[in-house]
Amino acid sequence: MISAIILTYNEALHIERCIQSLQPYANEIFVVDSFSNDQTVHIAKELGAKIYQNPFVNQAVQFNWALENCEIKNEWILRMDADEYIDNRHNIDLLKSLSELPNDVNGIYISRRIAFMGRPLNHGTWYPKWNLRIFRRGKGHSEVRWMDEHIVLTEGRSEKLQIDFLDDNLNNLTWWINKHNNYSNREVADFFFKIDTEESGSVKPKFFGSDAERKRWLKKRYNKIPLFVRPFFNFFYRYIIRGGFRDGKQGFLWHILQGFWYRMLVDAKVWEIKRRFNNDNKKIKQYLENNFKL
């Protein structure tokens, strides 16, 4: 069987759906909660999850804390966010597939689908998005980044399984905007702190690599495009060239908000901080640490 780890904070709206989707595959479900003040912990306990609580810094730090502190017994670990759930529409026998893997396969990529306002997004480069979410205990961890962190293997190789997990947040648009405003702070932090993605234990930027490696390679190139120009490029490429318009009104709103508005917000914050501190990196770092909720 599998041990699943879910990171939560005020996820009463989603946690039951997430846990129930994992129960056919995971006989251990760990909920690592950041001191929710809603019914998240109560619901998770009622469904048999093992509860741990720890102050939240960021996703990467919290997940690595879970790996070190949860009493995990199974060979395989699966990471899932509370607003995600397994959608095994290809009817893959996951447990049998894992048992038949060669010993040198330590990681499994499964495919992420995003739903926005009730509609899965199948175009505009958003599906399939292969994420390494299942790995052998002791053979993987999260790279430490403020944003877009990925699980990396310490040894061995990985394979893909045709299993989807659906990222379908049920909160309203105001919540989504507030969330992405906070995400933009993390993007700004990564931009100025210039995290070295070539270091050991991080995803390497490779155009002909995994989805995560290709995304990291493209992000490095994207960051070289001038501020305020790149959001236009991102929207045009995803919505027009890669067919995001085929996902209807939800696709249009997603690409306007996530592909353009969000990216423009990041650029505006980068420009504002550079201008305020005259590109003094020491002052910028101190400002980010003191004023942004990172």
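The text below turns to strands, a surface patch and aromatic ring pairs.

This is a predicted model, in which local features need pLDDT of at least 70 and side-chain atom pairs count only at pLDDT 80 or more, while totals for chains, interfaces and linings use all residues. Residues are numbered from 1 along each chain as its sequence is written, and side-chain values use heavy atoms, with hydrogens and water left out.

Strand β2 (residues 26-33) runs parallel to strand β3 (residues 50-53), and four bridges join them; strands pair if DSSP finds at least two bridges between them. Helices (H or I, at least four residues) and strands (E, at least two) are DSSP runs, numbered from the N terminus. Asp33 has Gln53 in β3 as its bridge partner.

Among the aromatic residues, rings of Phe, Tyr and Trp (its six-membered ring) pair if their centres lie within 6.5 Å, and planes under 30 degrees apart count as stacked, over 60 as edge-to-face and the rest as tilted. By this rule there are 17 aromatic pairs, two of which are tabulated here.

| Pair | Centre distance | Plane angle | Type |
|---|---|---|---|
| Phe232 and Phe260 | 4.9 Å | 70° | edge-to-face |
| Phe233 and Tyr237 | 6.3 Å | 10° | stacked |

Phe232 in helix α7 (residues 230-241) and Phe260 in helix α8 are 28 residues apart, so that this pair links distant parts of the chain. Phe233 and Tyr237, by contrast, lie four residues apart in helix α7 and are separated by about one helical turn. Ring pairs also link Phe116, Trp126, Trp176 and Trp254 into a cluster.
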